[in-house]
Amino acid sequence: MTMDLTESTSSTDAARDEASWPTQQRLLCTPIPGPASLARQAHRATSVAGGIGTVLPIFVERAGGGIIVDVDGNHIIDLASGIATTTVGASHPEVVRRVREQVGRFTHTCFLVTEYDGYVEVCDRLNALTPGTHAKKSALFSTGSEAVENAVKIARAATRRPAIVTFGHAYHGRTLLTMTMTAKNAPYKDGFGPFAPEVYRAPLAYPFRSGLDAAGCSAEAMAALDDLVVKQLGAHNVAAIVVEPIQGEGGFIVPPPGHLAAIQEFAHRHGILLVADEVQTGIGRTGAWFASTAEGIVPDLIVTAKGLGGGLPLAAVTGRAELMDAVAPGGLGGTYAGNPVACAASLGALDAIVNDGLLERAQRIGEITSAHLAPLVGTHPWVGEVRGRGAMQALEFVRPGTLEPAPEAAASVVAHCHRAGVLAISCGTYGNVIRLLPPLTISDELLAEGLAVILEGIRGLA
Ligand code: PLZ
């Protein structure tokens, strides 16, 4: 049953006022971080575990659209969306309205104890939106890591096979299983072993670093995958191949055309499930609901989180109904999984993507971004490649005239941006990639201004 929570226009307007986005303008009142943030930072250092890092040490007072306001009153252009969590912005009126309405009725029941409509409605939406017209079902969780873990549980239960194959440069989370699936040692894995068994890694097709053309890069990676799965593991022992359609933390690495389709064909030829980790790429980020769509693949299981929750913790596994039903009742769950407030936020975010035309916005953001950045390739010696899709774009920095990663160049440009009131963040196995993940509700003007600051930073490189 679907409950209609639509209210009159006047209460929607009221919610829009209550959400009250900050003025959509960059404004610096103090150096970044300012004195109020610095004071809190000093206190934080005595209270918060040292293992928790923060990219830009400002404390936030308010955020919405393309602007974050800190406790010193600085208005900062948001090109990070909390690592793609606040895809619709940090206080979209439709999310705020739905959350307020839900909180007023009840905060939680635990879906394992009693049910509520929001949970089922989010599942229905995901079953309809994910690629493929086959019968699908979903299960909800709280974080991306938790959902990836559950995709592995479902894949193993459905295939009765133990092995999981992931890729070089992969990022799947910070829990024991998902950090095992993650490629990069520091900071994610160092000192945290022993790791989970039956996780294997194939080399990734990384066009920029392969030295081959797209077809050659794909063929080389497919040969290595075949060797791992068929020769080393025995394909009949492999439950799933888990892949990010565009690799996120690993460096916004876009696969060669047709490569994911080749992986899918290979998996299915061997009775192996294809699991797409769309935690970072999904829910409109790349200009389609899912990045898998542009690759022409139909994953057996698809993992979502981040943008799905509209800023609240919500994650999901969606997949073929018969696979999702392979686990006996009680085999999946978690007391907070699919919390009703997070489901309400999710329904608001999904509505916002449709009503505000945010898939088209993501495409437009991609066009504006590459118009600014693409000309750097071949003209600026530190910029090796500009790549991405939709509102998921990146610059890879190299030492001039080489393919050698230049993390110091990325760090210098990021630091310039932060000083100038633009929140840019880096990524990549080598730390040499600046990634752009603006909220899809950022205006063209703010985006262009943020990009101009990045260009300034790049021109300032020695
Ligand atoms: N899968 C593809 O990108 C989260 C990590 C931030 P959680 N990426 C941001 C950090 O350093 O902790 C991510 C992802 C992909 C899984 C995850 C994990 O999602 O919600 O952070 O658990």
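Pro-33 sits in the loop that runs between α1 (9–19) and α2 (35–47); helices (H or I, at least four residues) and strands (E, at least two) are DSSP runs, numbered from the N terminus. The peptide bond joining Ile-32 to Pro-33 is cis, with omega about -5°. A cis peptide bond also joins Ala-186 and Pro-187, where omega is about 5°. Pro-187 is placed in the loop between α7 and β6 (199–202).

The model is predicted: local features need pLDDT of at least 70, side-chain atom pairs count only at pLDDT 80 or more, and totals for chains, interfaces and linings use all residues. Residues are numbered from 1 along each chain as its sequence is written, and side-chain values use heavy atoms, with hydrogens and water left out.

**Positive phi**

Ala-84 is not a glycine, yet its phi is positive, about 70°. Ala-84 belongs to helix α3 (residues 81–84). Lys-306, likewise a residue other than glycine, has a positive phi near 40°. Lys-306 is in the loop between β9 (301–304) and β10 (315–320).

**Domains**

The protein is divided into domain 1 (10–78 + 357–459) and domain 2 (95–355), with bounds that come from an automatic or database domain assignment. Their C-alpha centres are 26 Å apart. In domain 1, 37 residues are in contact with 31 residues of domain 2, where contact means heavy atoms within 4.5 Å.

**Packing of α5 and α13**

Two packed helices are described by the angle between their axes and the distance between the axes. Helix α5 (residues 117–129) packs with helix α13 (residues 340–355) at an angle of about 35°, and the axes are 9 Å apart. Axes here are lines fitted to C-alpha atoms, for helices over the stretch in contact, and angles run from 0 to 180 degrees between N-to-C directions. The crossing of α5 and α13 is left-handed, that is, the near helix is turned anticlockwise from the far one by less than a right angle.

From α5, Gly-118, Tyr-119, Glu-121, Val-122, Arg-125 and Leu-129 take part, meeting Cys-343, Ser-346, Leu-347, Leu-350 and Asp-351 of α13. By class, this contact of α5 with α13 has six nonpolar, two polar and three charged residues. Ala, Val, Leu, Ile, Met, Phe, Trp, Tyr, Cys and Pro count as nonpolar, Asp, Glu, Lys and Arg as charged, and the others, Gly among them, as polar.

**Cysteines**

The structure holds zero disulfides, a disulfide being a pair of cysteine sulfur atoms within 2.5 Å. Cys-29 is in no disulfide, and the nearest cysteine sulfur, that of Cys-417, is 19 Å away. For Cys-427, the closest cysteine sulfur is in Cys-417 at 14 Å, too far for a bond.

**Accessibility**

The table gives relative accessible areas for selected residues. Buried means under 20% relative accessible area, exposed over 50%, and partly exposed in between (1.4 Å probe, protein chains only).

| Residue | Relative accessible area | Class |
|---|---|---|
| Cys-29 | 48% | partly exposed |
| Cys-427 | 7% | buried |
| Ala-84 | 2% | buried |
| Thr-180 | 6% | buried |
| Met-181 | 0% | buried |
| Phe-252 | 0% | buried |

Thr-180 lies in helix α7. Apart from neighbours within four places in sequence, Thr-180 is in contact with Thr-175, Lys-189, Phe-195, Ala-196, Val-199 and Arg-201.

Met-181 is found in helix α7 (residues 176–181). With neighbours within four places in sequence left aside, the contacts of Met-181 are Val-148, Val-152, Ile-164, Thr-166, Ala-170, His-172, Val-199, Arg-201 and Val-242. Met-181 and Pro-93 are separated by 88 residues in sequence and by 37 Å in space, C-alpha to C-alpha.

Phe-252 is in the loop between β7 (238–243) and α10 (259–269). Leaving aside neighbours within four places in sequence, Phe-252 is in contact with several residues, including Ile-246, Gln-247, Gln-280, Arg-387 and Met-392. Cys-427 is also among the contacts of Phe-252, as are Arg-435, Leu-436 and Leu-437. Between Phe-252 and Val-413 there are 161 residues of separation in sequence and 17 Å in space, C-alpha to C-alpha.
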